[in-house]
Amino acid sequence: MNTAGASPENLEIVRVRVWDLVVRSTHWLIALSILVLSVTGFEIGHPILSVPGPAGQHFVMGTVRVVHSYAAIVFTLAVLSRITWMFVSKGHGSWREYIPVDRERRAGLLPMLAFYLFARRNPYPVVGHNPLAAAAYSLVFLLYVVMIVTGLGMYAIDAPGSSVAWAQGLLPLFGGATGARWIHHVTMWLLLGFFIHHLYSAILTSVVERNGTMESIFTGSKWLSRKLADHDKDSR
């Protein structure tokens, strides 16, 4: 939707509720758990911490693994909750935001690519996620699933009598434990790379549009033109 040439009353700025509590809470749970998982994962794969004396008296690696496991539980539950909410929510957290099934969202893919490449001054006007970013997020959720499945498989090796022992049966899908560990590690780097781009694009869009994009993940709201807000409401 293009607001060029709109009358002054249509360009009135209004506060629009965009992100509900589920979207915001799962967003932060996933982000914080990835941070903890990355730090502890590095320590597990390439130990840096060392303390004098017998390992049994300090249990450093054991503590790191426990923290990693609990962070993995938080991550898994947050991801599954968010995926479930995609099919329950009728707002901007819906799966329709992520997969461009609507003509209007498909029309915004190239304009947003041009914006990110600095070939277009303003981003494609939307209320929720822009179409290109949302399509990228859908791929990120696939990476989340890969992290969960490979992590479960590797954990099952060390806990054969646990409730997730069945997950060892998933390891052949990734070429065994060695392949699963390699994929787990590479996927972590992909997610960290996505985090950098995600932060950059959010700041860029927020600075250009000046509509509270960065703040909206805390408050849930953006400041948008009434014409855009009304169009979004009518299209739902």
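Let's start at Asn211, which sits in the loop between α7 and α8 (213-219); helices here are DSSP runs of H or I with at least four residues, numbered from the N terminus. The model is predicted, so local features need pLDDT of at least 70 and side-chain atom pairs pLDDT 80 or more, while totals for chains, interfaces and linings use all residues. Residues are numbered from 1 along each chain as its sequence is written, and side-chain values use heavy atoms, without hydrogens and water.

Is Asn211 buried or exposed? Asn211 is buried, because its relative accessible area is 4%; buried means under 20%, exposed over 50%, and partly exposed in between, with a 1.4 Å probe and protein chains only. Leaving aside residues up to four places away in sequence, Asn211 touches Ser206, Lys222, Trp223 and Leu224 (contact means heavy atoms within 4.5 Å).

Leu224 also leads us to a core of nine residues, whose members include Trp19, Leu228 and Ala229. A nonpolar core is a set of buried Ala, Val, Leu, Ile, Met, Phe, Trp, Tyr and Cys residues joined through side-chain atoms within 4.5 Å.

Now for the largest nonpolar core, with 26 residues: Ile30, Phe75, Val79, Tyr98, Tyr116, Phe141 and Tyr144 touch the most other members. The elements giving two or more residues to this core are α1 (21-45), α3 (60-86), α5 (109-116), α6 (131-158) and α7 (176-209), and α6 supplies the largest share, eight residues.

Finally, look at Leu35 in helix α1. Leu35 is exposed, as its relative accessible area is 52%.
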